[in-house]
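Hi everyone, thanks for making time this morning. I'd like to walk you through one structure, so let me put it up on the screen.

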Amino acid sequence: MNIFPKSIESMEQALSAATLKQRVHSANIANVDTANYKSKKVDFQAALDTAMSNQNLSSYKTDNRHVSFSNESLVGTTRVLTNNSTQYNNNGNNVDMDLEMAELAKNQLWYNAVTERVNGKLNSLSSVINGGR
């Protein structure tokens, strides 16, 4: 028996993607002066689409000859892409510090919002378990 709602699984995946995004932007900022370093970014929209579509669809089999299906294979499809198309500095580096700082702040807001929703869900569950007290 699973006492956690399915929405918590989706939020867990969103938090994992946001954590990866934080690491990637931090690495870009740390390598702002590294020669020939190419900036990276997380394909966050694909990760979000995956998290939203992962509602654990599964088949109910009434006969052993029925075909099973599920969408559990969608988990963990977050990709990190390297930007090789631009160059901002003479040393071959293409990290735009203003963009990285803005993306870091935006990602932090997203992470905080999802964390608040998870806390709300867990507080509701705690309230139910404690009989409303």
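This is a predicted model: local features need pLDDT of at least 70, side-chain atom pairs count only at pLDDT 80 or more; totals for chains, interfaces and linings use all residues.

Let's begin with the core. Which residues make up the largest nonpolar core? There are 6 of them: Ile8, Met11, Ala14, Leu15, Val114 and Val118. Two helices, H1 (6-30) and H3 (97-129), each supply at least two residues of this core. The largest share comes from H1, with 4 residues. As general background, nonpolar side chains in soluble globular proteins tend to be buried together.

Staying with Ile8 for a moment, this residue touches Lys121 and Leu122, leaving aside residues up to four places away in sequence.

The largest pocket holds about 290 Å³ of space. It is lined by 18 residues, and the closest to its centre are His25, Lys40, Lys41, Leu99 and Glu100. Where does the lining come from? Two or more residues each come from H1, strand E1 (40-42), strand E2 (80-82) and H3.

Last stop: Asp98, which lies in helix H3. Is Asp98 buried or exposed? Its relative accessible area is 65%, and the cut-off for exposed is over 50%, so Asp98 counts as exposed. Along the chain, Asp98 and Ile29 are 69 residues apart, yet their C-alpha atoms are separated by 9.7 Å.

That's my tour, and I'm happy to go back to any part of it.

Notes
Residues are numbered from 1 along each chain as its sequence is written. Side-chain values use heavy atoms; hydrogens and water are left out. A nonpolar core is a set of buried Ala, Val, Leu, Ile, Met, Phe, Trp, Tyr and Cys residues joined through side-chain atoms within 4.5 Å. Buried means under 20% relative accessible area, exposed over 50%, partly exposed in between (1.4 Å probe, protein chains only). Contact means heavy atoms within 4.5 Å. On a 1 Å grid over the protein atoms alone, a cavity is a set of points where a 1.4 Å probe fits but cannot get out, and a pocket is an open set with protein on both sides within 12 Å along at least five of seven lines; lining residues have an atom within 4 Å of a point. Grid points are joined across faces, edges and corners, and a volume is the space filled by probe spheres set on the points.
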